[in-house]
Amino acid sequence: MTNMRPPSKNVLLKVVILGDGGVGKSCLMNRFVSNFFDANSFHTIGVEFLNKDIQVDNERFTLQIWDTAGQERFKALRTPFYRGSDICLLAYAVDDKASFKALIQWREEFLKYYDIKADRFPFIVVGTKNDLPVAKRQVTSEEVSEWCQEHNVTAFIETSAKTSENVYEAFALAVKQWQKLEKCTERELRAQGQDTIDLTKGVNLRANTNRFCCIGSNNNSSMMHDDDDYPN
């Protein structure tokens with residue numbers, strides 16, 4: 001007999017990448033989605049998004065990854081896209097101390113326009129340009145770990161879009177953090193008497209809980225670009 005059970009659907013997750021212009025957000029996304037690196041790529045103007053299928057812990061996901069412009073003049077263009085996000089990657093460059101210090105402003109901007117509390121959302125800190133020589137580094141992993149602990153961010157990873165080091169791992173780590181939060185939320189809702197929860201329907205369960213207790217096809221669409229400097 002033929003098995004008539006429909007195939008399981010991918011869970012769609014909206015992932016937003018935030019950070020100063022030039023840190024390599026577009027290169028990080030393009031390396032992950034297309035395994036492509038261009039040292040002469042352009043600054044994003046407004047927003048750009050790409051889709052990528054990924055499997056984590058035997059569960060299939062389609063990541064809709066939004067790369068946002070880092071320049072202040074594009075703030076009005078990017079902030080409407082924050083709502084509905086499932087994951088936020090906060091990106092800085094290891095050779096740019098200012099981009100690391102700016103993470104707090106990026107996090108606050110996201111929380112303000114998403115209108116959600118920090119302890120209900122999975123932030124991931126991603127260092128870029130990890131291939132650069134030690135002599136060019138301005139930010140140490142110890143500094144980042146301390147920052148994450150201070151701001152209740154549970155995941156941090158360094159990457160290089162140029163060499164592809166840890167790029168896939170960064171997005172897989174982000175999905176794992178989302179999984180942990182959703183499983184925790186599911187347990188809380190069950191405890192409140194809601195026995196049936198379907199995570200494939202895209203319901204934002206975090207809106208119904210009071211705390212963050214625990215830590216396909218490749219379709220794409222893009223908007224405009226401007227020039228950039230070595231953004232891996």
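1. Two strands are said to pair if DSSP finds at least two bridges between them; strands (E, at least two residues) and helices (H or I, at least four) are DSSP runs, numbered from the N terminus. With that in hand, look at S6 (123–128) and S7 (residues 155–158), which pair in the parallel sense over four bridges. In this pairing, Val126 stands opposite Ile157 in S7.

2. A word on what you are viewing. This is a predicted model, where local features need pLDDT of at least 70, side-chain atom pairs count only at pLDDT 80 or more, and totals for chains, interfaces and linings use all residues. Residues are numbered from 1 along each chain as its sequence is written, and side-chain values use heavy atoms, leaving out hydrogens and water.

3. For the overall picture, the protein chain has six helices and nine strands. Of its 232 residues, 52% are buried (under 20% relative accessible area, 1.4 Å probe, protein chains only).

4. Back to S6: together with H5 and S7, S6 makes a right-handed β-α-β unit. Right-handed means that, with the strands pointing away from you, the path from the first strand over the helix to the second runs clockwise.

5. Now find Asn130, in the loop between S6 and helix H5 (141–150). Which side chain does Asn130 join through a polar contact? The partner is Arg137, at 3.2 Å (a polar contact is a pair of N or O atoms within 3.5 Å, one able to donate a hydrogen and the other to accept it; residues adjacent in sequence count only if both atoms are side-chain atoms).

6. Lastly, visit helix H4 (residues 103–114). Its buried residues include Trp106, Phe110 and Tyr114. Asp115 follows H4 and has a positive phi, near 65 degrees.

Terms used
Buried < 20%, exposed > 50% of the residue type's maximum accessible area, 1.4 Å probe, protein only. Expected span 1.5 Å × (residues − 1).
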